[in-house]
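Please walk through this protein with an eye to its rings, its sheet and its helices. The sequence and model come next, and the explanation follows them.

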Amino acid sequence: MARSKKAGATSGQGEVRRLWPAERDLFKAHLLRLDDVTRRERFGTAVNDDFLENYAVTTFGVGGLVYAYIEDGAVRGAAELRGLEDIVAQTGEAAFSVERDWRRRGIGATLFQRLITASRNRGIRTLYMTCLPQNAAMRQLARNFEADLAGGYADVEGVIATGGPTPFTILDEALDTARGFASMALSMQRRLWRPAFFGRSHGA
């Protein structure tokens, strides 16, 4: 079973939860805030805003799942699990992005653990991730989760054996999903109430 050897904790100022299709704009805003270096680390090459906007639109499809670190209503880190549409293969692909000022807080490790739990519960026995050779932070994160790393000049691939689902992993994700959905609903209500409140205040 893959497990972090030194799983970090977040700073306590935000929350890590599943991101829903209705929150696509939060995910897009996070991607657009990434600096050039972080964009290249995430996608393996330089990408522009148009690419990121289109990527955000297509992320929440049948084969995708996103967890995010959210602080003050903004996504500051995200982890994506792709390949869920191909159940027979029992493999998935993980990808991560954390904004530069939010690194070294254990956010990546927390997101990684959520993806592993989600993978196990969906029958994904092997999780792949790819990063650039110079991305030392991502390579270390993969090692913390006992990934086998291989690669060369162009990229490094990590392979993680996730293990199968257990009653505990299923319950853990179910509780996390319920909390996350409630948090999403409350956040959306607040965004709807804010214009209405200010509209009445200005009209008074």
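**Rings, sheet and helices**

The charged end of Arg-18 lies over the ring of Trp-20, 4.4 Å from the ring centre. A charge is counted as sitting over a ring if NZ of Lys or CZ of Arg is within 6 Å of the ring centre and within 35 degrees of the ring normal. Arg-42 is placed over the face of Phe-43 at 4.3 Å from the ring centre. This is a predicted model, in which local features need pLDDT of at least 70 and side-chain atom pairs count only at pLDDT 80 or more, while totals for chains, interfaces and linings use all residues. Residues are numbered from 1 along each chain as its sequence is written, and side-chain values use heavy atoms, with hydrogens and water left out.

Seven aromatic pairs turn up in a search of the whole structure. Phe-43 and Phe-51 make an edge-to-face pair, 5.3 Å centre to centre with 85° between the planes. For such pairs, rings of Phe, Tyr and Trp (its six-membered ring) must have centres within 6.5 Å; planes under 30 degrees apart count as stacked, over 60 as edge-to-face and the rest as tilted. Phe-43 counts as buried because its relative accessibility is 18%, and Phe-51 counts as partly exposed because its value is 37%. Here buried means under 20% relative accessible area, exposed over 50%, and partly exposed in between (1.4 Å probe, protein chains only). Phe-43, Phe-51 and Tyr-55 form one aromatic cluster.

What is the geometry of the pair formed by the rings of Phe-96 and Phe-112? The centres of Phe-96 and Phe-112 are 4.7 Å apart and the planes stand at 45°, so this pair is tilted. The pair links distant parts of the chain, with Phe-96 in strand β4 (residues 91-98) and Phe-112 in helix α4 (residues 107-121), 16 residues apart. Helices (H or I, at least four residues) and strands (E, at least two) are DSSP runs, numbered from the N terminus. Both Phe-96 and Phe-112 are buried.

The sheet comes next. Seven strands form an open sheet in the order β1-β2-β3-β4-β5-β7-β6, with mixed pairing. Its edge strands, β1 (15-19) and β6 (148-151), each pair on one side only. On average, neighbouring strands of this sheet are turned by 25° against each other, direction ignored. Pairing of two strands requires that DSSP find at least two bridges between them. Strands of a sheet pair through backbone hydrogen bonds, either parallel or antiparallel. The pairing of β1 with strand β2 (residues 64-71) is antiparallel and runs over five bridges. Leu-19 stands opposite Val-66 in β2. Helix α3 (residues 49-59) packs on the sheet and touches β2 and β3 (74-82), its direction making about 60° with that of β3. Contact means heavy atoms within 4.5 Å. Axes are lines fitted to C-alpha atoms, for helices over the stretch in contact, and angles run from 0 to 180 degrees between N-to-C directions.

Helix α2 can be followed from its start. Asp-35 caps the N-terminal end of α2, where a side-chain oxygen lies 3.0 Å from the backbone nitrogen of Val-37. Within α2, the residues Thr-38, Arg-39, Glu-41, Arg-42 and Phe-43 are buried. The buried residues of α2 pack against α1 (24-33), α3, β3 and β4. Glu-41, in helix α2 (residues 36-43), has a relative accessible area of 18% and is therefore buried. Apart from neighbours within four places in sequence, Glu-41 is in contact with Arg-103, Leu-132 and Asn-135. Just after α2, Gly-44 takes a positive phi of about 80°.

Two further helices remain. Leu-141 belongs to helix α5 (residues 136-144) and counts as buried because its relative accessibility is 12%. Leu-141 and Gly-108 are 33 residues apart in sequence, yet 7.5 Å apart in space, C-alpha to C-alpha. Neighbours within four places aside, Leu-141 is in contact with Gly-108, Ala-109 and Phe-112.

Thr-169 is in helix α6 (residues 167-203) and is buried, with a relative accessible area of 9%. A polar contact of 2.7 Å joins its side chain to that of Asn-121. A polar contact is a pair of N or O atoms within 3.5 Å; within protein, one must be able to donate a hydrogen and the other to accept it, and residues adjacent in sequence count only if both atoms are side-chain atoms. The side chain of Thr-169 also reaches the backbone nitrogen of Thr-166 at 2.9 Å.
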